[in-house]
Amino acid sequence: MAKPIVDAEYLNEIERARRDLRALISNKNCAPLLLRLAWHDAGTYDVKTKTGGPNGSIRNEQELNHPANKGLKTAVEFCEEVKVNHPKISYADLYQLAGVVAVEITGGPTIDFIPGRKDSLESPPEGRLPDAKQGKFVDIYGRISGASHLREIFYRMGLGDTDIVALSGGHTLGKAHKDRSDFEGQWTKSPLKFDNSYFVELLKGESKDLLKLPTDKALVEDDKFRKYVELYAKDEDAFFADYATSHKKLSELGFIFKNNSILVKGLLAITIALTAVVLGYLYELNKVTN
């Protein structure tokens with residue numbers, strides 16, 4: 001499919017879609033679901049083969065029916081409500097924008113968003129996303145397989161340990177559902193608020209009221225992961241900074257933006273227009289006051 005041309009008109013459309021996504025999330029309380037959609041579309045990337053990634057392919061029936069994507073049909077349908085009003089925007093951009101807005105509207109960090117992703121109708125093979133059940137076992141070397149599994153999945157994308165722990169903090173939003181993942185429950189006491197409480201709860205150990213997946217537990221059982229858990233539990237600003245960086249990296253895996261001059265011109269045009277409006281307002285205000 002053709003790559004979208006990111007000009008001033010496209011950038012304006014992105015901002016209008018952003019507003020519609022805010023309204024959608026507020027009305028339907030679907031921030032966790034849209035964040036999961038963005039992650040699952042992007043998290044299939046393979047840095048070696050340059051396949052998968054944030055290309056909108058998760059809307060394809062084949063990929064949407066992968067066990068790891070159970071429940072995401074609803075998220076795709078929600079985004080379609082926005083897409084129908086903004087047909088110019090690629091699905092790939094829309095899904096990643098939805099993830100960015102989901103984090104921001106629930107109190108999380110502002111995440112830099114650059115549009116221009118190309119849609120794909122080709123889905124990656126099943127099995128590229130994290131499997132929460134992996135942490136139940138110890139591998140042949142005596143290592144906790146939850147940590148090994150997380151590294152295998154995220155290193156394949158080209159991400160590192162900081163990214164693994166920071167992105168895991170997204171579990172501060174939402175709940176697990178038995179019919180989707182074989183697990184039930186929420187990770188934090190406020191599942192619609194993006195903060196560092198996921199890490200605070202992890203360090204408290206087992207809780208009858210809150211969920212801790214095997215892969216969650218791996219973050220405190222692995223020394224290299226645990227240092228980040230401890231940092232984020234005591235310093236929310238550090239978590240927000242690392243999360244914003246890691247989320248941006250995830251949302252841009254395999255995405256090479258070649259129209260930088262067009263984007264700059266578009267942004268410049270918007271800036272000039274806004275400046276003219278502000279100066280005009282100040283001029284008229286000055287006439288009134290004098």
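1. Angles under 35 degrees count as roughly parallel, those over 145 as roughly antiparallel, those from 65 to 115 as roughly perpendicular, and the rest as oblique. In this predicted model, helix α11 (residues 223-234) packs against helix α12 (residues 236-251) at an angle of about 120°, and their axes lie 5 Å apart. The two helices, α11 and α12, are therefore oblique to each other.

2. Which residues make the contact between α11 and α12? On the α11 side they are Leu231, Tyr232 and Lys234, and these meet Glu236, Ala238, Phe239 and Asp242 in α12. Sorted by class, the residues of this contact of α11 with α12 comprise four nonpolar and three charged, with no polar residue among them.

3. The second largest pocket has a volume of about 390 Å³, and its lining is made up of 17 residues. Those that lie nearest the centre of this pocket are Lys118, Leu253, Gly254, Phe255 and Ile256. By class, the lining of the second largest pocket divides into five nonpolar, six polar and six charged residues.

4. With a salt bridge taken as a side-chain nitrogen of Lys or Arg within 4 Å of a carboxyl oxygen of Asp or Glu, the count comes to twelve salt bridges. One of these pairs the side chains of Arg18 and Glu104, at 3.8 Å from N to O. This pair links distant parts of the chain, since Arg18 belongs to helix α1 (residues 8-28) and Glu104 to helix α5 (residues 91-105), and the two residues are 86 residues apart.

Technical notes: Residues are numbered from 1 along each chain as its sequence is written. This is a predicted model: local features need pLDDT of at least 70, side-chain atom pairs count only at pLDDT 80 or more; totals for chains, interfaces and linings use all residues. Side-chain values use heavy atoms; hydrogens and water are left out. On a 1 Å grid over the protein atoms alone, a cavity is a set of points where a 1.4 Å probe fits but cannot get out, and a pocket is an open set with protein on both sides within 12 Å along at least five of seven lines; lining residues have an atom within 4 Å of a point. Grid points are joined across faces, edges and corners, and a volume is the space filled by probe spheres set on the points. Ala, Val, Leu, Ile, Met, Phe, Trp, Tyr, Cys and Pro count as nonpolar, Asp, Glu, Lys and Arg as charged, and the others, Gly among them, as polar. Axes are lines fitted to C-alpha atoms, for helices over the stretch in contact, and angles run from 0 to 180 degrees between N-to-C directions. Helices (H or I, at least four residues) and strands (E, at least two) are DSSP runs, numbered from the N terminus. Contact means heavy atoms within 4.5 Å.
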